[in-house]
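Let's take a friendly tour of a protein model together. Keep the sequence and the 3D view side by side as you read.

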Amino acid sequence: MMELNLNAKDAGDWIYRGEGAANIILSYSGSTSDFVGKVLRVQKVKRNGTNYEEVPSDLSVHEGLLWNEDCDLLSAPTREIAEHLYVQHVMSPRLGSNHVDAGVRVLVSRDFLEAVAKNVFSQRPSWRVTDADVNTQCDYALLISDHSVFPQALRDEEFSISVEIKPKCGFLPCSNYILEEHTMKRCMTRFKLHQTFKLKHKKVSQLSRYDPLDMFSGSKERILKSIKDLFSTPQNNFRVFLNGSLVFGCLGGGKYRTNVRYDRALEDALKFVIQADDGMRTTCFLELVSEAVFRSGLLDRLLQVQKLDVFDIEGAIHAYYDVVSQPCVVCRELGEESDRYTSLHTIPLDESLKIVKEYLIAATAKDLSLMISFRTREKEDPKSAYNVILHESIGQSFDYKVSFIDLDMKPLGKMMHYYELDQKIVRCCMKMMKNEISANVEEKTSYQDKSIVVEDDYPTRELAGNLTHLYHLLLLLFLFSFLTS
């Protein structure tokens, strides 16, 4: 295939579709056949005040060690190409090549990227603009199929409806390297804990009702509950497209809230696809999505990739410092508590590399999106090339397809960032719970007799240990009631 090029004159044909932490997504509105039915993933670069963070142009020496077995990545002349090969050779075999589109690289000029940045500026959420901008130093962008539509629908003017879901991490960690005071991580999903942190810092306007454990449960009833919860509090985790155009959800922020107006807009849009009474189309659609998630079985496969994170970041960070041959900053900060991590610093280098590599692969799996697309199917149609699903209550059959998207390679250099964010989230939740519990305890025990003295040292230590466990239990009970209220 001849290499495709995009220059400044082409920028006007690309429309802002949305964005995540690492990329801006553009959909095509022109007529060039090579681009019809495609979207373009353009890399972003983080802002650092008035400047931009420096982005390495190739893999570091330590990343070379990390991906040594994946020789295709090591042979890549640039990081951009290595990241493309990562999807092809690392993620696709694990998630299934039928459900992963690695895309093709498109050569882009700096003028094109600058024009795109200018064109989409006003459509981007303000906090995204503050955080990052289009990386105009890139030589390539990634062209992939628009999985929100069926190719035939573009030609035959059929309607297709699709939903983009961010499933998040679907299991509770059980690593022995999680500190005792961080027990809440074993009992509450990372998504739920992160919601509390985001609410405190006003990144979201309300706590999401969604719990990833429902989505990954394998139970039809719980999967349907998770879809309904995503719909009621979508944030940036649930979006609906009609023929590739957004009809429900936000473009790139996290404060989107379902209300009567948005409910009505989705209900009206669904009339082109769902043959149900007015007021029932949204319910039927959510049931359809739930059934497709259940039947596809892809979340089981995704969960296995997520579970490559065996050690949690509290363990993997120690392997990281051995990989990069630096003194462990975390052990220095932990002091005496660092003794529990001694074993991690004595394992062979190849084991440390395996721990970090699998953590980063799992991080990709925890951060990707699932795109499920539907189109109506007439009874007299010949055998479909796609999976078929029947919605029994309305008697309609649909072709559907499921794809994984946003399979970004996580940089080795961000390991400390992942650790620090994890600690900030835990500290935030602990502080919130401690303040609440302390206020309640102070109110209820103001009459306590202060004259009691315990002379025996052993009972005192035993009592202190029991109180510590009780305190952690109270913290967890409070957090659970707070996040599920």
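## About the model

This is a predicted model, in which local features need pLDDT of at least 70 and side-chain atom pairs count only at pLDDT 80 or more, while totals for chains, interfaces and linings use all residues. Residues are numbered from 1 along each chain as its sequence is written, and side-chain values use heavy atoms, with hydrogens and water left out.

## Charged pairs

Side chains of opposite charge can pair when their charged atoms come close. Here we call such a pair a salt bridge when a side-chain nitrogen of Lys or Arg is within 4 Å of a carboxyl oxygen of Asp or Glu. Searching the whole structure gives 32 salt bridges.

Let's visit D422 and K185, whose closest N and O atoms are 2.9 Å apart in a salt bridge. This pair links distant parts of the chain, 237 residues apart: D422 sits in helix α17 (residues 415–444) and K185 in helix α7 (residues 184–187). Helices (H or I, at least four residues) and strands (E, at least two) are DSSP runs, numbered from the N terminus. D422 is buried, at 5% relative accessible area, and K185 is buried with a value of 5%. (Buried means under 20% relative accessible area, exposed over 50%, and partly exposed in between, with a 1.4 Å probe and protein chains only.)

Another salt bridge joins R377 and D399, at 3.9 Å from N to O. R377 belongs to strand β12 (residues 369–377) and D399 to strand β14 (residues 396–405), so this pair ties together parts that are 22 residues apart in sequence. R377 counts as buried at 17% relative accessibility, and D399 is buried at 3%. Elsewhere, salt bridges that share partners join E19, K44, R47, R124 and D133 into one network. Within it, D133 and R124 meet at 3.7 Å, N to O.

## Nonpolar cores

In soluble globular proteins, nonpolar side chains tend to be buried together. A nonpolar core is a set of buried Ala, Val, Leu, Ile, Met, Phe, Trp, Tyr and Cys residues joined through side-chain atoms within 4.5 Å. Which residues touch the most other members of the largest core? They are M215, F238, I372, F374 and M415, in a core of 89 residues. Helix α3 (residues 79–95) supplies the largest share of this core, eight residues. Apart from it lies another core of 22 residues, including L4, L40, V108 and C138.

## Two helices meet

Helix α3 packs against helix α13 (residues 298–306) at an angle of about 130 degrees, with the axes 9 Å apart. Axes are lines fitted to C-alpha atoms, for helices over the stretch in contact, and angles run from 0 to 180 degrees between N-to-C directions. α3 and α13 are therefore oblique to each other. (Under 35 degrees counts as roughly parallel, over 145 as roughly antiparallel, 65 to 115 as roughly perpendicular, and the rest as oblique.) At the contact, M91, P93, R94 and L95 of α3 meet R301, L302 and V305 of α13.

## A last stop

E114 is found in helix α4 (residues 110–120) and is partly exposed, at 36% relative accessible area. The C-alpha atoms of E114 and T136 are separated by 6.2 Å, although the two residues are 22 residues apart along the chain.

Key:
Contact means heavy atoms within 4.5 Å.
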